[in-house]
Amino acid sequence: MTNVDSNEIDKFSEIASRWWDTESEFKPLHEINPLRLNYINQHSPLEGKRVLDVGCGGGILSESMAKAGAVVTGIDLAEPALEIATLHAMEAQVTNVDYECSSAEDYAAQHEGSFDIVTCMEMLEHVPDPGGVVNSCHRLLKPGGAAFFSTLNRNNKSWLLAIVGAEYILNLLPRGTHDWNRFIKPSELSAWCRNANLQTQDITGLQYQPFSKTYSTGGDVDVNYMMFTVA
């Protein structure tokens with residue numbers, strides 16, 4: 001596998017035991033998960049759909065999509081995170097989700113055209129070739145299927161808010177969680193989608209309000225954003 005950053009895998013493996021601790025460094029993921037789930041369900045209803053969650057980590061989004069009625073497979077390369085995801089699903093008695101250790105590229109080679117929906121959230125900025133992951137997401141979709149991506153924009157505002165603010169001032173994330181140079185402009189993600197024959201249908205921003213300590217969606221895509229595409 002060439003589209004893998006072993007340092008990123010090791011970083012998330014070391015903290016895998018805390019994936020489901022809502023007061024840990026994964027607290028922001030727990031807080032934005034309802035917004036992510038609603039965005040997906042709004043544009044492509046999950047009930048009865050076969051879904052692949054690429055870069056699923058400890059299964060926060062995967063499990064919530066399964067609870068919404070989808071049959072979900074989560075894939076990741078951090079095995080400790082997958083073990084936590086599997087254990088949590090068992091404890092929560094969520095039977096319509098399973099997890100496999102695989103890259104998007106390898107999984108696409110074995111399961112091309114198998115899924116109604118593919119999600120890839122907060123993952124693209126952690127791999128050397130995000131465009132390759134986008135292409136694999138398209139290969140995994142059935143004709144007319146939906147792919148959802150979320151990542152961080154690359155500009156001065158995102159450096160101030162997502163790096164300086166989130167990691168050094170507000171301590172929302174551990175220092176070093178993100179590399180600003182790997183952030184992805186919406187125009188870049190849209191271009192990768194076009195090259196992969198995915199048509200962008202919607203782009204929505206995700207904002208954090210530091211005074212109320214809440215998240216919301218809206219038109220501001222300067223920092224975090226989500227994108228809905230169809231095959």
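Colleague: What do the numbering and the values rest on?
Modeller: Residues are numbered from 1 along each chain as its sequence is written, and side-chain values use heavy atoms, with hydrogens and water left out. Because the model is predicted, local features need pLDDT of at least 70 and side-chain atom pairs count only at pLDDT 80 or more, while totals for chains, interfaces and linings use all residues.

Colleague: What is the strand order of the open sheet?
Modeller: Strands here are DSSP runs (E, at least two residues), and helices are runs of H or I with at least four residues, both numbered from the N terminus. Two strands pair if DSSP finds at least two bridges between them. The open sheet has eight strands with mixed pairing, in the order 3-2-1-4-5-8-6-7.

Colleague: Which strands stand at the edges?
Modeller: Each edge strand has a single partner strand, so one side of each is left without a neighbour in the sheet. The two are strand 3 (97–101) and strand 7.

Colleague: What angle does the direction of helix 8 make with that of strand 8?
Modeller: Helix 8 packs on the sheet and touches strand 5 (141–152), strand 6 and strand 8, where contact means heavy atoms within 4.5 Å. Axes are lines fitted to C-alpha atoms, for helices over the stretch in contact, and angles run from 0 to 180 degrees between N-to-C directions. On that basis the angle is about 20°.

Colleague: How many residues apart in sequence are the parts that Asp5 and Arg182 tie together?
Modeller: Asp5 and Arg182 form a salt bridge with the closest N and O atoms 2.8 Å apart, the criterion being a side-chain nitrogen of Lys or Arg within 4 Å of a carboxyl oxygen of Asp or Glu. Asp5 lies in the segment before helix 1 (6–14) and Arg182 in the loop between helix 7 and helix 8 (186–195), so the parts tied together are apart in sequence by 177 residues.

Colleague: Is Asp5 buried or exposed?
Modeller: Buried means under 20% relative accessible area, exposed over 50%, and partly exposed in between (1.4 Å probe, protein chains only). Arg182, at 25%, counts as partly exposed. Asp5 has 16% relative accessibility and therefore counts as buried.

Colleague: Which residues are linked with Lys157 in a network of salt bridges?
Modeller: Lys157 forms a salt bridge with Asp222 at 3.3 Å between the closest N and O atoms. This pair joins helix 7 to the loop between strand 7 (214–218) and strand 8 (224–230), 65 residues apart. The residues linked with Lys157 in the network are Asp220 and Asp222.

Colleague: What accessible area do Trp159, Leu160 and Leu161 have together?
Modeller: They form a nonpolar surface patch; patches take residues with over 30% relative accessible area and no salt bridge, joining like charges within 9 Å and nonpolar side chains (Val, Leu, Ile, Met, Phe, Trp, Tyr) within 5 Å. Leu160 lies in helix 7 (residues 156–169) and, at 47% relative accessibility, counts as partly exposed. By the Shrake-Rupley method with a 1.4 Å probe, only the protein chains shown counting as cover for residues, the area together is about 310 Å².
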